[in-house]
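Let us walk through this structure from the whole fold down to one residue. Keep the sequence and the model side by side.

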Amino acid sequence: MQKPKIEDPLMFAFSIFYAIAGGANLYLLVISNFTLGYVGVLGILSLTTAYGLIKKKSWAVWLVAILLFSGITFGATTLYASIRIQTFNPNLEGLLFHLTLIVYIAMTIVASIYVLARREKLQ
């Protein structure tokens, strides 16, 4: 049995990031009793982007660009609201939530820059 060859390991890693982020967004939608509709949209876009990157579809570049702006906006406004409500370091759960949002924003920026810089490989 042959092992599948991964041509661009970073592109594959970023597609895994988008899949995890999409799953987390959909999980957040479910635990909020479907009141956060925009989180569901972000989740579906992230999962679709992950599929497009794995299959090397050219339309995935457009979804990455959309997720760059919407993901940063979602992460930054959620982080800002959370810090305003409970300060930056109230307890371990709050700190982990804030760090997770910071990592999400940073990974969204890094993944988007990489994918957009390498967009010719997807076409």
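The protein holds four helices and zero strands. Helices are DSSP runs of H or I with at least four residues, strands are E runs of at least two, and numbering starts at the N terminus. Read from the N terminus, the order is α-α-α-α.

This is a predicted model: local features need pLDDT of at least 70, side-chain atom pairs count only at pLDDT 80 or more, and totals for chains, interfaces and linings use all residues. Residues are numbered from 1 along each chain as its sequence is written, and side-chain values use heavy atoms, with hydrogens and water left out.

The C-alpha atoms fill a box of roughly 50 × 30 × 25 Å along the principal axes. The protein has 123 residues, and 34% of them count as buried (under 20% relative accessible area, with a 1.4 Å probe and protein chains only).

Next, the charges. There are 9 positive and 4 negative side chains, and the centres of the two sets lie 6 Å apart. Lys and Arg count as positive, Asp and Glu as negative; His and the chain ends are not counted. Each charge is placed at NZ of Lys, CZ of Arg, CG of Asp or CD of Glu.

Finally, find F14. It sits in helix α1, residues 9-31. Is F14 buried or exposed? F14 is buried, because its relative accessible area is 8%. Leaving aside residues up to four places away in sequence, F14 touches M107, V110, A111 and Y114. S46 lies 32 residues from F14 along the chain, and their C-alpha atoms are 11 Å apart.

Technical notes. Buried < 20%, exposed > 50% of the residue type's maximum accessible area, 1.4 Å probe, protein only. Contact = heavy atoms within 4.5 Å.
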